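Work through the exercises below with the sequence and the model open. Each task is followed by a stepwise solution.

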Amino acid sequence: MTSKSQSEKKIPLTIQAPDNATEIFLVSDRFERIESGIGHLEQSVSPGLYKLRFRSGMTQEDRLIEVGKNQSQVVFKEPPLSFESTTPLLNTHDDNPRQRSIAKRQSGNVHLKAGKGSRLYLFIRHQLSGSSKNPGEGVTLHSLEGKTIAGMEDGYHDSENGCWCLNVELDPGTYRLQVDTGGLGTFERFLVACENWQTLFFGMTTDFSLRESKSVEEHITRVLLKSSSVHMMKTGKIFDPASASSRMAELSKIALESGRMVVDEHSFNKLFEENIDNPMFGIYGAHQLLANRRPDYTIIDEIAKQLESLLGPHPDVLSLWLRKSSERMDKKAFTLSSPPMLTRSWELLTRESLRRSSIVPEGSFSDRFSNGMLSTAPWLLHRVTVESETGSSTPSRARTKEMLDDLARISGTTKGYSMLDAALKERKDLTQLELSIAQAMLNQAKQSTANPPSLNKLVENIQVPSVAVKRSTNSLFEKLNLKKDG
Amino acid sequence: MAADDYAIVIGISTYPGLTSLEGPGNDVDLFTQWLRKKDGGNLPKKNISICTSRFCLSKKFDPSCCEQIEEARPNREDIEKLFRPWVIAGTLGNTSGRRLYIFASGHGFGKASDSHTNPMDTALYTANADVYFGLHVAVTAYANWLSQAAVFNEIVLVMDCCRTKNLMHPFTYPVLPNTSHDPEKARKVRKFYAFASPWGNAAKEKRFMERENSTYGIFTIALLEALTKARPNRLGNVKGETIKKYIHNVIDEIAGDTKVPPPEIDLGNYNDLIWFTREDPTSHHKPLVTISLPEFRGNEICHIQNGALEALDSIPFKSEHLSVSLEPGLYKFSIEGTDRNKLIQLLNDDLEITI
């Protein structure tokens with residue numbers, strides 16, 4: 001149909017997206033993709049008609065442009081695209097100027113002092129501001145050890161505009177933000193507070209009512225942790241819903257959530273040049289780069305260094321070093337006793353625990369609480385259960401292998417299979433992790449040719465540190481009253 | 001007739017424990033019609049195994065099964081039955097045919113972990129699923145296993161379902177034989193894996209006025225439109241890449257006011273598969289553009305330029321409307337002697353514009 005001659009003069013085309021985390025696609029008149037870029041794209045093209053596609057978060061917009069024969073260059077600038085955002089940002093879906101203004105204003109007030117050195121700011125809103133229910137209902141903040149620091153009543157509730165917020169000054173460290181959803185249980189996620197930084201948590205509520213709940217009164221509206229968002233800024237600064245860095249961090253979080261890539265070398269160079277005012281962009285971005293098939297470790301290491309110098313030992317930054325080929329000299333020395341915020345970091349941690357089990361110190365939170373961890377992208381969530389401590393000791397790797405082989409052998413017999421199957425259905429004293437190991441044994445028993453699940457395979461599939469798998473194998477063995485020789 | 005091609009078509013509309021859907025039954029009908037059509041998949045009826053909320057492999061379910069969660073069908077066993085012959089063939093090391101289509105529509109979810117070892121992992125909830133027991137079938141696991149076992153030379157997987165992450169429901173893989181496969185054979189299996197939404201996102205269904213006001217999955221409609229209207233290459237072949245591009249180009253338009261995330265389509269690492277070949281590559285549909293000129297004076301001329309800005313035609317308006325048939329592409333329409341012009345994107349549907 002068209003005949004663009006190769007010898008025809010090319011015209012420089014510059015495409016500028018509204019921000020450096022928006023994807024750009026340049027498409028020909030035959031709907032073939034010519035080039036793609038992030039934030040900015042330069043390409044020399046023959047005169048003609050082109051389609052430009054911009055993607056911000058999950059929003060996609062197309063534009064048609066003409067590159068005329070007599071033009072010396074063409075510059076196209078796309079205005080900001082509205083996208084679905086948990087953080088109350090300007091030019092996003094469900095943008096409520098009042099909620100935005102409250103989020104901004106309250107980020108400067110400290111509602112509660114529970115320590116010093118850093119701050120945690122929680123902001124939760126209803127999508128529609130009509131509901132008078134407090135969006136902070138069911139929310140509590142705890143130390144890693146479980147001590148309650150704050151609850152709904154400690155925060156500021158604006159019933160007219162459907163939002164609740166709480167700004168707590170506290171010691172640097174990892175904290176647990178719990179949400180009691182009623183019948184579905186209590187879930188928590190982790191928030192890391194760093195020296196001289198304020199960590200901002202943004203969430204939107206959703207309906208957690210069970211199907212049986214018919215009346216409006218029974219509706220349980222709680223913050224949805226899995227779609228929440230986290231930003232960071234220096235303490236003393238005010239959250240700016242119109243800032244480019246907040247927008248980029250939000251888009252980067254969405255990309256991490258949906259397996260896309262909206263960062264490149266250019267984004268990071270720009271970020272470091274302009275001072276990092278929202279390090280979460282760097283954390284989200286570095287984890288995106290790490291998920292590449294062939295990651296550029298030079299850039300990732302540089303980002304990790306920069307972020308570490310800003311934030312100190314942040315688990316989601318330290319996890320960037322957890323790979324076989326990492327050149328970090330003291331990699332073997334550092335441990336991650338408190339859980340990271342991101343699932344990707346947790347995966348890197350569990351993988352590393354196979355090479356070096358001491359990465360998760362025995363008895364640390366990451367070890368003890370790995371039972372109810374829920375790896376849901378992008379956040380690592382934890383289902384809070386009242387499970388008794390097993391009191392079991394951690395066996396050696398060799399002893400674990402023996403026990404796993406024994407379990408596999410036992411489940412291969414009719415009697416053993418029935419015993420494990422019954423245990424799965426009836427034994428209320430088995431922990432989630434013990435049940436997962438028993439289930440893996442039953443699965444392999446169904447396949448007569450299968451190899452018994454190894455420690456490596458269990459760590460990979462269940463995604464908990466090796467120390468927890470070893471100990472749970474031991475406790476399962478004890479609870480089922482099995483002896484070493486079966 | 002494509003006697004060596006087979007299809008597994010699943011559509012679950014009725015979920016007593018979850019919200020029921022309106023689209024999957026219609027999606028199944030539409031996709032099955034395409035499979036049977038001579039200028040579509042051209043499959044013999046016996047090669048298509050269908051499972052819906054009403055029947056599975058021609059066996060009707062008791063209508064009361066739709067009321068009780070425990071009795072709801074199809075359940076996991078029903079769906080696994082559809083894959084059984086091919087899993088047996090794969091275990092025995094047999095190649096069973098040229099192509100297997102796997103189509104699944106209903107409620108679904110993606111594996112919650114974002115481990116990139118199996119980024120496509122997606123499951124379809126079975127009819128007896130509810131919020132407590134998220135019973136499901138990991139359809140992608142079957143597709144991957146059959147591909148590893150090279151039971152077919154080509155696997156077409158279409159999943160018009162959500163791929164959101166559900167914390168309450170751990171992703172469970174089916175128990176498939178742990179047999180050794182020839183990696184070279186597996187590498188050469190051509191694939192077309194299409195998901196209505198990217199990982200972590202929801203798929204949408206919609207009522208289509210032009211289709212007797214019935215509800216369909218938006219992705220299924222985009223796919224069917226691509227299969228009907230996508231332009232073949234000069235050899236008459238419509239390849240996976242063409243279908244993929246077509247869907248990406250039309251889905252927003254088909255979705256209309258319903259916001260849909262971009263679908264995820266993976267063509268695998270081996271050669272692109274040829275969906276079908278048209279006997280006469282020139283016989284495809286040429287959409288019609290109707291241009292309206294609100295201030296018609298009687299002497300206007302419309303100039304049409306193609307995507308390379310070459311003059312295609314100059315047509316005088318005889319009334320305030322003018323129609324012209326064109327190949328899909330990008331065009332510029334301008335009115336002589338004025339600065340009025342319009343750039344348009346012409347896909348395969350007729351278009352009305354005002355200049």
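**Exercise 1.** In what order do the 3 strands of the open sheet in chain A lie, and with what pairing?

This is a predicted model, in which local features need pLDDT of at least 70, side-chain atom pairs count only at pLDDT 80 or more, and totals for chains, interfaces and linings use all residues. Residues are numbered from 1 along each chain as its sequence is written, while chains are lettered from A and ligands numbered from 1 in the order in which they are written.

Step 1. Strands are DSSP runs of E with at least two residues, numbered from the N terminus; two strands pair if DSSP finds at least two bridges between them.

Step 2. The order is S4-S1-S7 (chain A), and the pairing is mixed.

Step 3. Strands S4 (40-45) and S7 (74-77) of chain A each have a single partner strand, so one side of each is left without a neighbour in the sheet. From one strand to the next, the twist averages 15 degrees (axes are lines fitted to C-alpha atoms; angles run from 0 to 180 degrees between N-to-C directions).

Step 4. S1 (residues 11-16) and S4 of chain A run antiparallel and are joined by 6 bridges. A:Leu13 lies opposite A:Gln43 in S4(A).

**Exercise 2.** Describe the hairpin of S10(A) and S11(A).

Step 1. The antiparallel strands S10 (residues 139-143) and S11 (residues 148-151) of chain A share 3 bridges. A:His142 has A:Thr148 as its bridge partner in S11(A).

Step 2. Between the strands there are 4 residues, and A:Gly146 in this hairpin takes a positive phi near 105 degrees.
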